[in-house]
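Trainee: I've got a model open and I'd like to learn how to read its surface and its rings. Can you walk me through it?

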Amino acid sequence: MIQLHNVFLTYHKEQTALDGVNLRIPKGDFVFLTGPSGAGKSTLLKLFYAALRPTRGQVVIDGKNVNRLPEGQIPYLRRMVGVVFQDFKLLPNRTVQENVAITLEVLGWGQKDIGKRVYHTLKQMGLEHKMNSTPLRLSGGEQQRVALARALVNEPRILLADEPTGNLDDANKEQILNLLKEANIRGTTVVVATHDRRLIDTSHRRVIVLDKGQIVEDSHGQE
Amino acid sequence: MAKSKPANKYAAAKRPTLSDERKFGRLGYFVGRAVTNIRQNVLINVLTVVTITFAILLVSLFLLVYVNLQGAVDTFSEKVQVTAYFDNELTPAEFAALKDRIVGLSGVDRVSYVSKDDAMRRFRDRLEGQESILEGVPSEVLPSSIEITLKRSQRSSAAVEAFVKRLKTVSGIGEVQYGEEWLRRFSTFMDFMRITGIVLGGFILLAVVFIVSNTIKLTIFARKDELEVLSLVGATRLFIKIPFMIEGVLQGATGSALALAILGGCYLVFLRNAGNFLSLNPVTAGITFLPVEYLGGLFCGGVLLGFFGSLVSLKRFVSTDS
């Protein structure tokens, strides 16, 4: 599903963000990326949804070589990759339903089908009663669940989460983790970049530790 | 590792209806999206429309003044006339032949014959109150002549001089008068008007394009999160841009329509009240509103301003790097 061969990435010709990374994440896997700030976690995630391209090496996502992917094909790659951020990136002037519907509008779905699918996804997230609220009226946990719904509504093959629990309390962290696990059970490959050691320890999943742009540990947890 | 993959409820479900299979297809979606965007970003849209309104109002006001000044200059330029005197007095047949030859010269609008009697009548009219001076003076002392009015495009000093050279080659034509000094001053004034119009109009146009494009750039910058989210969920550049460009067109159309309506209103108010503060009657003074083609041009200009303002601004903010 995700393969990196000897990947280097340098910012401004000096600052090395990734330093010879080799990595293979099979289909259906659930992986934590961890490491200190500046280790290269977010950079790695950006490579996975083609917001960045490597300076050297190969990045293959679901059989597509990101290095050779024409600019016009990037949107099509992103349609099979859902992304969630610590700051949610929700549109404050749109309702919860409209925020989630964006993903399906981009795919060209009709409004009737969008309505049904969005309702179903929000129900999975326990947010069907908040459909007509705007994000600013929701708690942090609820906002993250909306962001998760937007990322998962089209059943993507890969879900990337960059510090998804960074702004949440323990109860909400657990809820988000469970939703990520459910998405994984439904067949989505999940990659979570996090600092949260407790989240990693309680999950018993594969953990990749990055430091100074290199993988220093890759341990397969057992649930 | 979770390897099990349960049946995906939607994978087996009926294929969803796509928006381009619906009435008006994707265009319907894009227009709907643009209208919804306007509704959800009222303040930003009002700001853009007001900016476009003021911009088009400024340009149209300048054009209104310019068109009326140009009209006044054109009316005044009717006074540019060439008077030709004959070597000998002509018979009606000779005059007819000469007139045909003059009319055949390029640049001639119309030709009129001034007989000795006509010349004496005009002279007498000019001496209003002192006509007694001419008592006993026969009309034969004044020569008959031909007055040539040139076409509007041929009334500059250089064009008249060139015409006079051509006229002097016509046999039977003696002295030619055309008020060289007056004409030179008039031509200088016309050139000044033209250059001032172009420079001032150019500055106004540049300022308008600068202000409107920057306003649109700011409004799009204010919505950069929306552009980023759309890019993240896999929207193509065109999908992101089209609703914004439709918004730009709607803003441009609304702004320019408002500007022209305000200009029309101000013009009517001016017509009704000009007599109170000006010593002229605007109707008899020949003050006119902008011609329809100018109004159409201004409206289209506003629409294009909205469209290209959005297009250029989006180019900067829409990329695949998120």
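Mentor: Accessible areas here come from the Shrake-Rupley method with a 1.4 Å probe. Keep in mind that this is a predicted model. Chain B exposes about 18,400 Å², and carbon and sulfur atoms supply 64% of that area.

Trainee: How many of the residues of chain B count as buried, as a percentage?

Mentor: Buried means under 20% relative accessible area. Of the 322 residues in chain B, 39% count as buried.

Trainee: Which residues form a nonpolar patch on the surface?

Mentor: L27(B), V31(B), V35(B) and L250(B) do, with about 320 Å² of accessible area together. Helix α1 of chain B, residues 25–40, gives the most to this patch, with three residues. L27(B) sits in that helix and is exposed, as its relative accessible area is 58%.

Trainee: On to the rings. How many aromatic pairs does the structure hold?

Mentor: Rings pair if their centres lie within 6.5 Å. Over all chains there are twelve aromatic pairs. One of them joins F30(A) and F32(A): it's tilted, at 5.4 Å centre to centre with 55° between the planes. Both of those residues are buried. Another, Y49(A) with F85(A), is edge-to-face, at 6.4 Å and 85°. That pair links distant parts of the chain, 36 residues apart.

Trainee: Are Y49(A) and F85(A) buried or exposed?

Mentor: Buried: Y49(A) has a relative accessible area of 3%, and F85(A) has 11%.

Trainee: Which charged end sits over the ring of F85(A)?

Mentor: That of K89(A), 5.0 Å from the ring centre. Likewise, R205(A) has its charged end over the ring of F30(A), 4.7 Å from the centre.

Key: Residues numbered from 1 in each chain as written. Chains lettered and ligands numbered in written order. Predicted model: local features only at pLDDT ≥ 70, side-chain atom pairs only at ≥ 80, totals over all residues. Heavy atoms only, no water. Patch = residues over 30% accessible without salt bridge, like charges linked within 9 Å, V, L, I, M, F, W, Y side chains within 5 Å. Salt bridge = Lys/Arg side-chain N within 4 Å of Asp/Glu carboxyl O. Helix = DSSP H or I, 4+ residues; strand = E, 2+ residues; numbered from the N terminus. Buried < 20%, exposed > 50% of the residue type's maximum accessible area, 1.4 Å probe, protein only. Phe/Tyr/Trp six-rings, centres within 6.5 Å; stacked < 30°, edge-to-face > 60°. Lys NZ or Arg CZ within 6 Å of the ring centre and 35° of its normal.
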